[in-house]
Amino acid sequence: MFKTEMKEKKNGEVVIEDIDAKILRLMIKWMYTRDIETIDLKDKLDLFKAAHRYQIKSLNSWCMDKIIKKLSHENALSMNDVGDLYDEIQIKKKALGIIRA
């Protein structure tokens, strides 16, 4: 990207429009430290989506573990949809277990 005559080389920057700046900062922090401070479920979901999109498997696994721990009767249906959308069997299995209970 920076070795060819693309706009990123000319501008000296890469513009990432499909991710919120806060989530991008968390994602980069994870890549360097493998540590993320306490964040709410919405941010965990956004981070999970970003990890999935950019194929960061360790972050994807961390997010999935945290999301599964936050599953409840109130969010089981929507979390089942997330599991379905991203083909994450563990989330779906746990969410369906809560729904059936």
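**Exercise 1.** Find which residues asparagine 75 is in contact with, leaving aside its neighbours within four places in sequence.

*Solution.* Start with the ground rules: this is a predicted model, where local features need pLDDT of at least 70, side-chain atom pairs count only at pLDDT 80 or more, and totals for chains, interfaces and linings use all residues. Residues are numbered from 1 along each chain as its sequence is written, and side-chain values use heavy atoms, with hydrogens and water left out.

Step 1: locate asparagine 75, which sits in the loop between H4 and helix H5 (76–85). Helices here are DSSP runs of H or I, at least four residues, numbered from the N terminus.

Step 2: look for contacts (heavy atoms within 4.5 Å). You get Leu41 and Lys70.

Step 3: check burial, meaning under 20% relative accessible area, with exposed over 50% (1.4 Å probe, protein chains only). At 12%, asparagine 75 is buried.

**Exercise 2.** Work out which residues of H2 are buried and where they lie around the axis.

*Solution.* Step 1: pick out the buried ones, namely Ile23, Leu26, Met27 and Trp30. They cover an arc of only 100 degrees around the axis, so they share the same side of H2. That arc is taken from the directions from the helix axis to the C-beta atoms.

Step 1: recall that an α-helix has 3.6 residues a turn, so residues three or four places apart point the same way.

Step 2: ask what covers the buried residues; the cover includes helix H3 (41–53) and helix H4 (57–69).

Methods
Helix = DSSP H or I, 4+ residues; strand = E, 2+ residues; numbered from the N terminus.
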